[in-house]
Amino acid sequence: MSQDAVAVAPSLAGVTAGEARINFAAHQARANAQGARQDFEEMIGQLVRAVRPGVVKMVAANPGDWGIDVFIGDLGGSVTVWQSKYFMPEVSKSHQAQIRESFDSVVANAAKEGFTLTQWILCVPSSMDGPTTKWWSTWKRKKERDFGLVIDLWDETELRSLLISPDAETVRRHYYEPAQATRPETSVVGLADEDAERLETALFVRQLREAGHVEVTSSKQQFFNAELLAREIVDKGVPAEVAALSSADATIHGVWEDHFNEACQTDESPRLAGLHKSVMSEIRAQHATLSSGLPCGPVHTCGLMHRVVDNRRAGWVRHWRQIADEHVRSDGEQSQDTTTAIALNGPQPASPS
């Protein structure tokens with residue numbers, strides 16, 4: 001290694017790599033071996049739409065696709081055709097016959113159906129081996145001369161070049177980049193003394209006290225953080241996050257309902273000892289699912305359960321509905337509403353206002 005190379009190498013340490021490398025095997029991973037061809041063909045359609053002006057159309061194979069996967073133009077006039085072939089991991093001699101058959105099919109159907117083929121583009125997610133590259137060059141020149149059209153190749157190199165262009169960013173992200181949360185996990189906010197004092201009169205705290213809970217500080221912090229999260233999501237109004245919040249709310253309510261019904265059958269006491277612990281344990285266990293699409297941690301998902309209670313849809317004792325009704329009638333209740341309303345599927349009790 002040269003002295004210059006040694007000097008340069010340390011400066012590269014810690015350099016962040018670019019975006020995820022495009023791996024065309026993703027079509028197999030997503031759609032299995034049988035569905036990879038169709039998945040790749042759909043990607044080509046979206047890519048052409050992104051990088052080429054004109055109205056892009058696809059042809060369904062019913063009963064045949066005329067040798068056309070994607071085209072721009074008019075099937076009553078002139079067209080440019082893209083033919084996709086999911087040949088992996090390379091294009092070799094065994095694939096040459098399929099390439100010839102696809103080209104011959106579109107040429108024959110152009111003559112039969114009355115449209116003019118001006119350009120034919122073969123799209124493959126790999127590279128041709130040496131012998132096939134030589135064959136392609138010879139075959140391409142002959143067919144261009146015989147039929148007076150242009151033949152091009154979008155192989156893995158050309159496809160990557162197109163996919164990393166700004167115009168194709170959405171296509172690249174959709175097909176080749178792992179799904180990621182739109183926002184990082186929201187940090188847990190500490191609970192100030194005045195906020196803890198204010199929450200002492202909240203319904204969810206009263207329900208905990210009725211169940212015999214002495215220490216409720218962590219529950220207050222959970223509720224406080226869940227409420228901050230919910231308010232931010234509702235205020236921003238990002239449809240995916242609003243839907244995820246609604247889904248988590250409904251799921252958590254269902255978890256409580258299952259445990260409550262079981263507790264009522266196995267425990268005759270009014271307090272239903274162990275109900276709170278069993279519900280919260282399951283919510284923590286299901287956090288990965290409940291938080292899907294939400295920028296939240298376990299503290300927030302536990303807090304969503306307290307929001308359900310504060311919205312008078314659950315409680316920790318057998319007579320929780322009575323407690324909720326009394327709380328509504330109590331003095332100052334209208335000024336103590338602490339939860340943010342979110343759209344839910346199906347009816348729900350109205351939050352005090």
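Author: A polar contact is a pair of N or O atoms within 3.5 Å; within protein, one must be able to donate a hydrogen and the other to accept it, and residues adjacent in sequence count only if both atoms are side-chain atoms. This is a predicted model, in which local features need pLDDT of at least 70 and side-chain atom pairs pLDDT 80 or more, while totals for chains, interfaces and linings use all residues. Residues are numbered from 1 along each chain, and side-chain values use heavy atoms, without hydrogens and water.

Reader: Which side chain has a polar atom 3.1 Å from the backbone nitrogen of Leu203?

Author: That of Asp310. The backbone nitrogen of Phe204 lies 3.0 Å from a polar atom of the Asp310 side chain.

Reader: Why is the pair of Phe103 and Phe147 edge-to-face?

Author: The ring centres are 5.8 Å apart and the planes stand at 70 degrees, so the pair is edge-to-face (centres within 6.5 Å make a pair; planes under 30 degrees apart are stacked, over 60 edge-to-face, the rest tilted).

Reader: What makes Phe103 buried?

Author: Its relative accessible area is 0% (buried is under 20%, exposed over 50%, partly exposed in between, with a 1.4 Å probe and protein chains only). Phe147, at 40%, is therefore partly exposed.

Reader: Which residues form one aromatic cluster with Phe103?

Author: Trp120, Trp135, Trp136, Trp139 and Phe147.

Key:
Rings of Phe, Tyr and Trp (its six-membered ring) pair if their centres lie within 6.5 Å; planes under 30 degrees apart count as stacked, over 60 as edge-to-face and the rest as tilted.
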